[in-house]
Amino acid sequence: IVNIPQASNPAEALQGVQLSSQLLASYAQVATSRAAASKIREQLGLADSVASVRAKISAAPVPETLLMTISATDGDPVRAASLADAAAQVFIDSVRTLEEGKEDRVQPSVVDNAVVPSTPISPRPRLNLLAGGFAGLVVAAALVLLLEGLDRSVKGPTQLGELSQGPVLGIVPRLGSSAR
């Protein structure tokens, strides 16, 4: 949660509400910045590059609240939780540094620590199978419609009569494979 100082009058309160949404969006960018990723990397002693650490972290303000969600993804769930906790601590330290010297400071704090997930968020074999099957059906249907639309062969004597605008005088039978 990012605690914003209280206003002394209603006009300041309204302005504070409008600024808080902009401030939270800005702080979300601070939480996922290269500088934050570098500090997280140092704090956890990771061998990953700063860009790699940065790619694993995300931060987003919760709409119409003073809450921010900081999360991390990694192949190891314990490491993902430690990345998220470290990112939250680096975020708090960064905001405190940015707010130094101000009379009414914004004071972030952690409401919930990261939880190690019990199941992986990716891959999801059942969901992936269903999505792949559905996509395959859609592509197959589109291909059938495309091939049917591009087919210019004559299918029977009635269609031949319509296309030639004249009578059909005779039909040559197709020789089957047994007649050869």
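1. Read along the sequence, the order of elements is β-α-α-α-β-β-α-β-α-α, and the chain holds 6 helices and 4 strands, taken as DSSP runs numbered from the N terminus (helices H or I, at least four residues; strands E, at least two). This is a predicted model, in which local features need pLDDT of at least 70 and side-chain atom pairs count only at pLDDT 80 or more, while totals for chains, interfaces and linings use all residues. Residues are numbered from 1 along each chain as its sequence is written, and side-chain values use heavy atoms, with hydrogens and water left out.

2. Of the 180 residues of the chain, 20% count as buried, where buried means under 20% relative accessible area, exposed over 50%, and partly exposed in between (1.4 Å probe, protein chains only).

3. The largest nonpolar core has 25 residues, of which Tyr27, Ile40, Val53, Met68, Ile70 and Phe91 touch the most other members; such a core is a set of buried Ala, Val, Leu, Ile, Met, Phe, Trp, Tyr and Cys residues joined through side-chain atoms within 4.5 Å. At least two residues of this core come from each of helix H1 (10-31), helix H2 (34-44), strand S2 (57-61), strand S3 (68-72) and helix H4 (77-98), and H4 gives the most, with 9 residues.

4. Leaving aside residues up to four places away in sequence, Ile70 touches Ala31, Ile57, Ser58, Ala59, Ala84, Ala87, Ala88 and Phe91, a contact being heavy atoms within 4.5 Å. Among contacts in the chain between residues at least 6 apart in sequence, 52% join residues at least 24 apart.

5. Val168 lies in the segment after helix H6 (157-164) and is partly exposed, with a relative accessible area of 34%.
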